[in-house]
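Please look through the model below before reading the points. They start with one part of the chain and then move to the whole.

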Amino acid sequence: MRAELRSELLDRLYGRGDPAWDEWVAGRSAAERDELESVLDVYLRELDGRDAATLAGLGRALGLAERSRRHVAEGDYWARSHALVWLALLRDAPDRDLLRAHCTETPRERAAAARVLYAAGTDDCATTGVDLLLRDDPVPFSVFGVDTLYRVAERDPGPFFDRAAADFATWPPALQRQVLLVVRHLTTVVGGADLSWVVAALSSPDSSVRAAAWRALGAYGWNRRLRDAVDLEAIPDEPAPAVRADAYRALGVWGDAPALAAVEAAGTVDPDTRAQVTAAETLVAQRGPGAVPATSDSPGSADRAADATAGPADETTAAAPAAPAREAAPFDVAWAWAAEHARFDRLARDISQDRERLYDEVRG
């Protein structure tokens, strides 16, 4: 049965101008209709464009659109979820009041309802989609929900940024991180949107939110107004080493002289060795392994140099052990590590290129 139905479906889809879905479905048995739903489910996930729009007519002929609307209004959680999947596959957006009334109880339903609007390409995809996702004390989403938020915001970022500017401070940290992740990937469509709340997130009491804010800001080096609002001199005062490391990475993405100067000023005296390595890797990537920054002003370096060059001990220090040879400043170690890895990476890439060239010569 499946093979015969699939063959005729494809013939009607590609072999004639009018597939006449209603006429075909009217002559099918209940078992054949059930099988057609299964076949349609597979094809609508695989096809796009005009083919998908034509196949959506088969879904309407099977009564899937009306049945899905009824399940949204009257069904339980699973019935609503299944109905929203079908409406998205059919690119058939129901009445918005129906979605607002029945599809905002859980993050999954919010995301599925917004996805229906996105799939259908409605004019209010961004405004209504953002409202469905972020209205009335939202909670964190699944990966599907974050992806849906990004997609509807990409269509028109205005409603998303307006909602975030108004409500960001009231959301839980997990949702704040997800929203900042969306901001991080919306760089080409933001226009003149208000991003002051992203800068304000650098002062969040939650360190993971501060880190997410830095990662988001890294993508906006082109936005001079936003950059001017960031206090680069406050980076050394950041208490969390991981957040300072994300700040160094973000400034490395900006990549201009003021940003790299801020990395050098804070990174060379950073008390955390992992953060130092991040700062060193950032500077090496931008300036090359040979441009070693000056670290002589770092805390303790002058004392170590004085100890290493001290003259003969007087009678008050004769019993003290001899001062050890001057050890490398902490950032010198981080720089050496980053430079060595950069050289190894370049060497590995060169070897790979030569290997491909030699392989081509042998094969040729």
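1. Start with the buried residues of helix α14: Val209, Arg210, Ala211, Ala212, Ala213, Trp214, Ala216 and Leu217. Note that the model is predicted, and that every value here is computed from it.

2. What do the buried residues of α14 pack against? Their partners are the helices α12 (173–184), α13 (196–200), α15 (224–228) and α16 (241–254).

3. Glutamate 32 belongs to helix α3, which runs over residues 30–46. Is glutamate 32 buried or exposed? Its relative accessible area is 19%, and buried means under 20%, so glutamate 32 counts as buried.

4. Which residues touch glutamate 32, once its neighbours within four places in sequence are left aside? Glutamate 32 is then in contact with Met1, Leu5 and Gly27.

5. Now the whole chain. The protein chain has 20 helices and 0 strands. Of its 364 residues, 43% are buried.

6. Take the contacts in the protein chain between residues at least 6 apart in sequence: 66% of these join residues at least 24 apart.

7. Last, the surface. The protein chain exposes about 19,400 Å², and carbon and sulfur atoms supply 51% of that area.

Terms used
Residues are numbered from 1 along each chain as its sequence is written. This is a predicted model: local features need pLDDT of at least 70, side-chain atom pairs count only at pLDDT 80 or more; totals for chains, interfaces and linings use all residues. Side-chain values use heavy atoms; hydrogens and water are left out. Helices (H or I, at least four residues) and strands (E, at least two) are DSSP runs, numbered from the N terminus. Buried means under 20% relative accessible area, exposed over 50%, partly exposed in between (1.4 Å probe, protein chains only). Contact means heavy atoms within 4.5 Å. Accessible areas come from the Shrake-Rupley method with a 1.4 Å probe; for residues, only the protein chains shown count as cover.
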